[in-house]
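Subject: Structure handover

Hi,

Here is the structure for your files. My notes follow below it.

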Amino acid sequence: MTTEQAERSAVQSDSEPLLRAEGVSKTFVSGTFRKQYTRALDTVTFSVPEAPPTITAVAGESGSGKTTLARTVLGLVEPTSGDVIYRGTNLAEMSRAQRAEFRREVQVIFQDPFESYNPFYKVDHVLRTPIRRYNMASSKSEADDIVVDALRTVGLRPEETLGRHPHQLSGGQRQRVMVARAVMLKPKIIVADEPVSMVDASLRATILETLRAMNRDLGISILYITHDLTTAYQIAENIIVLYKGRVAEAGSVDSVINDPKHPYTELLVSSIPQPDPETQWGREQEAREDEEMDLKGCNFYDRCAYRMDECTAADPPVYRTGDHRITRCYRFADSPVHLAPDLRSVFADRVAS
Amino acid sequence: MTTAMASETPLVVKDLQVYYHTRRGPVKAVDGVSFELKRGERLGLVGESGSGKSTIALALMMAHKEPARIEGGSILLNGSNLLEDNDEQVRLRRLSEIAMVPQGALNSLNPVMRIRDQVIDGLKDHNVRMSDGEFSQRVAELLESVGLDRDVASRFPHELSGGMKQRVAIAIAISMNPSVIIADEPTSALDVVVQKQVVQTLREVQERIGAAAIMIGHDMGLMAQFASRIGIMYGGKIAEIGPVADIFKNPKHPYTQLLISSLPDTRSKRRLEGIPGLPPSLLRPPPGCIFHTRCPEAMEVCMQEIPATRELDENRFAACHLYGDEDGREVAL
């Protein structure tokens, strides 16, 4: 690395990230008379750099808080404590104009493409509305060009897509129309919340490849929210594994998925049904689930196959368990404690492909 | 009660046709499907949405509803054709000879009934007579056989997790030792850890009672873990069927080949490739082979003639024009 490069990269890692979550917690309150508190997110900190464009996966089971995290960074859910900062501005303190810019630069793709469509409108409407709203075209033919370009970018043929109603398209096509709509706005980042979990296997690959191309060719960063470690491994550079609202493990997908350290990640990885009859599921790595326990210590204690007495005393700190990995587990107490709450120094850069 | 003979081939499906009758004409959801199941065998039926896999499950349980009708073929269950039975005979054969683990046990259990009573209900419906103590004993045994505590019997469904409910559904399905168990996407709403536990439980009980099982789904990973044989459905027909290792290692039908190569794993990163094109319209299926519109190997003949099913190897069948007489004999439906 030349001095110039070193300086530039130093500047880069110190510079304000694109999107930053700082100790974000969210507690939901339910019940009228006897209030119940559910801690969906518990002091989650991470960031997505401005450059280079990356794909970061957020993985976990239902109840892990991954969808709450997605909704919080989108500004759809207000954190109970902590901050979400987009290009240096706190979401909670944005002006109207900043908010509008944020809405355009941060796009979202949801799980169920059926829900985001009004069945009475043609596909064209879905694509033209944002052009009007953001004054992206000065004439009808310019608007047409934008729509056609966007569809081609995601691998759809405009002549087979336009003029149709949502029900005339397949689930995979509908989801790609949503990607086209997001891409059209030239966003800096797309938050994709389980974008392929409702789509058939044969179309899943196409949509994931489209997202990867958006990242590679158009420089759009992607926050990929998923329960599926296999697809996370395929498209993301880095992964955050959430368990009950807390970061259990994070780092490069290669280190986290190929060599899981946290007992929860280990359990998730060993439960992946590999599409290979010769690689059969390993044996159980989970302690028998006891009754709900309310413990001060590690929140995975009740399911952990490696639990020790010290785990119940206090929440484990985050240990630096590798060049590109942190793990919140007392089994790695020999590793240095990772003090910088940000994951910037942990995440791996994109491997050139 | 008619006791089912412990047949070596408890299920023989021949040329099954199930059509949905719509105003625009019949939709051939299942269009000439044949297969057999041996004792202890686990068949995975795979296909995308609209391939007919769930309709087959419903038809095997004789639980299909209007506008779906069975138009032809036969379902030999322990040697006798389900399609020739009257409603009462079918009712008695369900659960005792063929039982289903439904897609969302979350919704299939009665929310206001204790688990114990739901298990016993099925038994009583089939004229099983026992004392209360014996019933309780049987319920406890069943629950323990699927890895649940016996005191789950006194709970209501809402007190159980999704995985526990699905285990209860398995316990009910095996309560009369059926010779065929059908599981329709039994873990589609469950997390990956629970999914593994439920599928392993299903496999254990199926092996213990020596039943044949059919698992329906689209997750090839789950199929690789569960099935001993795999049938690939496309457009209401079986494109290919064979032992699980052969299907994964040496797929014969171009659709299976594309499907297998589109599967991501966690061993190597690569370009992900889906299957181009769209599933066919079953209302107006294309002439010839129903896959020709998406097939990278389509030839002239594929657009004109429906391919015959050939036995390409021991226990391996595929319906594709790429294979001729020299590759394997044609099998009659």
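What share of the contacts in chain B between residues at least 6 apart in sequence join residues at least 24 apart? The share is 63%, with contact meaning C-beta atoms, placed from the backbone, within 7 Å.

Ground rules next. This is a predicted model: local features need pLDDT of at least 70, side-chain atom pairs count only at pLDDT 80 or more, and totals for chains, interfaces and linings use all residues. Residues are numbered from 1 along each chain as its sequence is written, while chains are lettered from A and ligands numbered from 1 in the order in which they are written.

Chain B has ten helices and 13 strands (DSSP runs numbered from the N terminus: H or I, at least four residues; E, at least two). Its radius of gyration over C-alpha atoms is 21 Å, close to the 20 Å of the globule rule for 333 residues, so chain B is as compact as a globular protein of that length. The rule is 2.2 Å times the number of residues to the power 0.38. Of the 333 residues, 49% are buried (20 or more other C-beta atoms within 10 Å of their own, C-beta atoms being placed from the backbone).

Now the helix pair between chains. Helix α11 (residues 263-271) of chain A meets helix α7 (residues 192-209) of chain B, with axes within 8 Å and crossing at roughly 50 degrees. Axes are lines fitted to C-alpha atoms over the stretch in contact, and angles run from 0 to 180 degrees between N-to-C directions. Leu267(A), Leu268(A) and Ser271(A) meet Val192(B), Val193(B), Gln195(B) and Lys196(B).

Best wishes

How values were computed
A residue is buried if 20 or more other C-beta atoms lie within 10 Å of its own, exposed if 12 or fewer, and partly exposed in between; C-beta atoms are placed from the backbone. Two residues are in contact if their C-beta atoms, placed from the backbone, lie within 7 Å.
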